[in-house]
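Colleague: I have a new model open and some terms to check. Can you take me through them?

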Amino acid sequence: MTTIEIDRASGFCFGVVNAIRKAEEELNKGGILYCLGDIVHNSREVDRLTSKGLIIIDREQFKRLHNAKVLLRAHGEPPETYTIARTNNIEIIDATCPVVLQLQKKIKTQHSDSDDSQIVIYGKIGHAEVNGLVGQTEGKAIVIEKAEDLSLIDFSRPVKLFSQTTKSLDGFREIVNLIQQKIAPGILFEYNDTICRQVANRIPNIRTFAAGHELIFFVSGQKSSNGKILFEECRKVNLNSHLISGSNDIDTSLLTNVQSIGICGATSTPSWLMEEVADTLRNYLKL
Ligand code: SF4
């Protein structure tokens, strides 16, 4: 008989759980609650919350908003967002993850240290968290997505490196090594491993989980960068891993003669969605 197992270590990290709890608390009080950007990179969870009354707005809509209540998601925001809120009489429900908040403060302090250092952030250009971090440096931080971007750094000046919380440890170590090779003799290079272990620790766990099943359904929204990283880890150990956003994406031709199916997901994947996928599989396989 086919077995179906959900990876209990997959699903929301505490930062996202906290943001959703805050949103639900506010929605239960009644009134209108806006959220600046998707509260989580999972369209199904966003749909669930919008059906309860949450209104997702983009930055341009936020700038035009007055006298309203706006939730800031776990990724955090640049200082400009708080300035706009004060000017437009917007009440902020701040669900910035404490880990991101701490990183923002660290970067702000280092930037204010008025030495000649360049603040470098290893992260995805344009990602909300990265924008929030760059904002702590008045827009001056250099964002490095990949090795080729290192040409943006002046290696004759000190470098202080940080990482977006959801980047991979291997990628960060590679960037550290490359900077160490390029930095001019006697010039300061300080690196801060600011990768969140809520994500980094999932890599070894998910590898073990994916390797232990014949077929893997990795449930994640297309926009989740963490989802892309974790899915790749599944693929490395199990080529029969498939990225789906929900039950509708299940390719039933994969289910023939399979004895063990594993269901796992990103830090932005709600556990109810993984349960739904498991139920659909059980129904289809008549288990
Ligand atoms: S991954 Fe870590 S830093 Fe990012 S929201 Fe989750 S707990 Fe916070």
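This is a predicted model: local features need pLDDT of at least 70, side-chain atom pairs count only at pLDDT 80 or more; totals for chains, interfaces and linings use all residues.

Colleague: What makes R202, I206, F209 and A210 in helix 9 count as buried?

Modeller: A residue is buried if 20 or more other C-beta atoms lie within 10 Å of its own. R202, I206, F209 and A210 are buried, so each meets that cut-off.

Colleague: How do you know that they are on the same side of helix 9?

Modeller: They cover an arc of only 95° around the axis, which puts them on the same side. On the other side, P204 and T208 are exposed. The cover over the buried residues includes helix 8, strand 10 and helix 10.

Colleague: Which residues touch the most other members of the largest nonpolar core?

Modeller: A23 and I121, out of 42 residues. Domain 2 and domain 3 each give this core at least three residues. A second, separate core has 22 residues, including F209 and C264.

Colleague: What makes L33 a contact of A23?

Modeller: Two residues are in contact if their C-beta atoms lie within 7 Å. A23 touches L33, and also C35, I39, L49, L54 and L71, leaving aside residues up to four places away in sequence.

Colleague: Why is the ligand shell said to lie between domain 2 and domain 3?

Modeller: Both domains give residues to the shell, so it lies between them. The shell has 14 residues, with C13, G15, C97, V99 and C196 the closest. Helix 1 supplies the largest share, three residues.

Note on methods. Residues are numbered from 1 along each chain as its sequence is written. A residue is buried if 20 or more other C-beta atoms lie within 10 Å of its own, exposed if 12 or fewer, and partly exposed in between; C-beta atoms are placed from the backbone. Helices (H or I, at least four residues) and strands (E, at least two) are DSSP runs, numbered from the N terminus. The arc is that of the directions from the helix axis to the C-beta atoms. A nonpolar core is a set of buried Ala, Val, Leu, Ile, Met, Phe, Trp, Tyr and Cys residues joined through C-beta atoms within 7 Å. Domain bounds come from an automatic or database domain assignment. A residue is near a molecule or strand if its C-beta atom, placed from the backbone, lies within 6 Å of it.
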